[in-house]
Amino acid sequence: MASSLTGSFQTCNFRSVFLGETSGMHVCSTPTTRIGFLRKAIECKESRIGKNPIEVPSNVTILLEGQDLKVKGPLGELSRTYPREVKVERQDSVLKVTKAMDTRRANQMHGLFRTLTDNMVVGVSKGFDKKLQLVGVGYRALLEGNELVLNLGFSHPVKMPIPDGIQVKVEENTRITVSGYDKCAIGQFAASIRKWRPPEPYKGKGVKYADEIVRRKEGKAGKKK
């Protein structure tokens, strides 16, 4: 077999521990050729969401300084600092979020910060709200000054201070509406309310969003007589 292969060979003798015999092994000293890999350039497509322009209403004031954006409207004022991967441009009554470089991270940031910018403009002009519903016997909610008080079956009522810039409204003691101009803060406060008693899947008791669908499970069947 050695005569059919090209290259120089050296014979090394190794003694077998179990058989007590010497077996010959041929080691090839011919240098191996390195295998090269082709690097393929990554193509970053433009985000479908990021390329859409943002219409700015007439009652909203825009202040753009470099990577800092301030938006002021009838409901409040919001500001945001953008990363170096994206940049914001103003053209008359339109805001456009574009990529500052052609990288994968810039492509990811493009659509994200376009959505965040649109939420800022809509928030200070129209506002957002989040509705929750209490389901369960004895589950009640009420307002005491600047606190939301929840009775959720614990040995004590749950008192939650309402953050600045957020309004809370309670209807029929079981329906809660959280509203304001900062969508992120509204969602965070609504999630903290729901976290105290998430809806359970058997009877649906708990705090749920008004548009939330709770998948129900069938309880254990009783013993057959």
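**Figure 1. Aromatic pairs in a predicted model.** Rings of Phe, Tyr and Trp (its six-membered ring) pair if their centres lie within 6.5 Å; planes under 30 degrees apart are stacked, over 60 edge-to-face, and the rest tilted. By this rule there are two aromatic pairs. The model is predicted: local features need pLDDT of at least 70, side-chain atom pairs count only at pLDDT 80 or more, and totals for chains, interfaces and linings use all residues. Residues are numbered from 1 along each chain as its sequence is written, and side-chain values use heavy atoms, without hydrogens and water.

Figure 2. Helices (H or I, at least four residues) and strands (E, at least two) are DSSP runs, numbered from the N terminus. Buried means under 20% relative accessible area, exposed over 50%, and partly exposed in between (1.4 Å probe, protein chains only). Y82 has 4% relative accessibility, so Y82 counts as buried. F113 is also buried, at 11%.

**Figure 3. Close-up of F154 and W196.** The ring centres lie 6.4 Å apart and the planes meet at 70°, so this pair is edge-to-face. F154 sits in the loop between β11 (147-151) and β12 (158-161). W196 sits in the loop between α2 (183-195) and β15 (206-209), 42 residues apart from F154. F154 is partly exposed at 34%, and W196 is partly exposed at 41%.

**Figure 4. Charges over rings.** A charge sits over a ring if NZ of Lys or CZ of Arg is within 6 Å of the ring centre and within 35 degrees of the ring normal. The charged end of R197 sits over the ring of F154, 4.4 Å from its centre. K130 places its charged end over the ring of Y209, 4.9 Å from the centre.

**Figure 5. The largest nonpolar core.** A nonpolar core is a set of buried Ala, Val, Leu, Ile, Met, Phe, Trp, Tyr and Cys residues joined through side-chain atoms within 4.5 Å. Leaving aside neighbours within four places in sequence, V178 is in contact (heavy atoms within 4.5 Å) with residues including F128, L132, I166, F189 and I193.
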